[in-house]
Amino acid sequence: MTKNDIIDYLYHINAVRMYGYKNLRFFTAEQQRDLESEVWLNICEIPEELLISLWNQSEKNLTAYIKTFVERQLSNTGKTRHLQQMFKFEIPKDNFVNNEEDD
């Protein structure tokens, strides 16, 4: 089993969406995709030795670790907090008023 195999497995079970649902539900679909992508990038940075060790212990240990990892990434103090803050202060595109004068 390689790191890529483990990441493929986690992607196949949709780990980020499944374990991050509580935190992701407050964002639009587009924002959720951005946050999910950010978490996947952080998962890819987990050392190969750790992922393989967790997998060799059991699938349950691996998924428990990833569940905690995803929840922490999406928490108010996690690595995605800056992206989350940007989304919270972003003005929705449909709220722009067309200020053009009619001819």
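**Figure 1. Helix α3, end to end.** Helix α3 has 16 residues and reaches 23 Å from its first C-alpha to its last, close to the expected 22 Å at 1.5 Å a residue. That expected span is 1.5 Å times one less than the number of residues. Helices are DSSP runs (H or I, at least four residues), numbered from the N terminus. The buried residues of α3 are Gln31, Gln32, Leu35, Glu36, Val39, Trp40, Asn42 and Ile43. Buried means under 20% relative accessible area, exposed means over 50%, and partly exposed lies in between (1.4 Å probe, protein chains only). An α-helix has 3.6 residues a turn, so residues three or four places apart point the same way.

The model is predicted: local features need pLDDT of at least 70, side-chain atom pairs count only at pLDDT 80 or more, and totals for chains, interfaces and linings use all residues. Residues are numbered from 1 along each chain as its sequence is written, and side-chain values use heavy atoms, with hydrogens and water left out.

**Figure 2. Confidence along the chain.** pLDDT is the predictor's confidence in each residue, from 0 to 100. The protein chain averages 84, and 80% of the residues score at least 70. Over residues 95-99, pLDDT stays under 50. The model has one contact beyond four places in sequence for residues 95-99. Contact means heavy atoms within 4.5 Å.

**Figure 3. The largest nonpolar core.** This core has 21 residues. A nonpolar core is a set of buried Ala, Val, Leu, Ile, Met, Phe, Trp, Tyr and Cys residues joined through side-chain atoms within 4.5 Å. Leu10, Ile43, Leu51, Leu62, Ile66 and Val70 touch the most other members. Helices α1 (3-12), α2, α3 (29-44), α4 and α5 (59-73) each supply at least two residues of this core. Leaving aside neighbours within four places in sequence, Ile43 is in contact with Ile7, Leu10, Val16, Phe69 and Val70.

**Figure 4. Asparagine 23 and its contacts.** Asparagine 23 lies in helix α2 (residues 15-24). At 24% relative accessibility, asparagine 23 counts as partly exposed. Asparagine 23 touches Glu71, Leu74 and Ser75, not counting residues up to four places away in sequence. A polar atom of the asparagine 23 side chain lies 2.7 Å from the backbone oxygen of leucine 74. The C-alpha atoms of asparagine 23 and glutamate 71 are separated by 7.8 Å, although these residues are 48 residues apart along the chain.

Definitions and conventions. Polar contact = N/O pair within 3.5 Å; in protein donor to acceptor, adjacent residues only side chain to side chain.
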